[in-house]
Amino acid sequence: MKLSRPVSWFLLSFGAWSWVIWFTFVKNLWKDGSGLAFDDAGDPTAYFWVHLLLAITSFLLGTGIGVIGFRGLRALRRSDAAA
């Protein structure tokens, strides 16, 4: 399957965007002082673990999607050079 240039750029951008958004979210989650992520003793709550799992899943999916976009762009560059 061959991806078009706009689709490849979209996938690569989506992967990068996912990393920016979720990295910021995890950073804010780690510094949470509202009592949602950590209880009074400083131990992580269920809220923390669920959202950390969501962030890790999003990192993995964003990386996979970004790699697909990167490979699509690289294949297009090779086909343009061959032509």
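Val20 sits in helix H1, which spans residues 5-30. Helices are DSSP runs (H or I, at least four residues), numbered from the N terminus. The model is predicted, and local features need pLDDT of at least 70, while side-chain atom pairs count only at pLDDT 80 or more. Residues are numbered from 1 along each chain, and side-chain values use heavy atoms.

Trp17, Val20 and Ile21 make a nonpolar surface patch of about 310 Å². Patch residues have over 30% relative accessible area and no salt bridge, with nonpolar side chains joined within 5 Å. Areas come from the Shrake-Rupley method with a 1.4 Å probe.

The axes of H1 and helix H2 (residues 46-82) come within 7 Å and cross at roughly 155°. H1 and H2 are therefore roughly antiparallel (angles over 145 degrees). Their contact has 22 nonpolar, 10 polar and 2 charged residues. Here Asp, Glu, Lys and Arg count as charged.

The whole structure holds 1 salt bridge, defined as a side-chain nitrogen of Lys or Arg within 4 Å of a carboxyl oxygen of Asp or Glu. Arg5 forms a salt bridge with Asp80, the closest N and O atoms being 2.6 Å apart. Arg5 lies in H1 and Asp80 in H2, so the pair ties together parts 75 residues apart in sequence.

Key
Patch = residues over 30% accessible without salt bridge, like charges linked within 9 Å, V, L, I, M, F, W, Y side chains within 5 Å. Helix = DSSP H or I, 4+ residues; strand = E, 2+ residues; numbered from the N terminus. Axes fitted to C-alpha atoms, helices over the stretch in contact; angles between N-to-C directions. Parallel < 35°, antiparallel > 145°, perpendicular 65-115°, else oblique.
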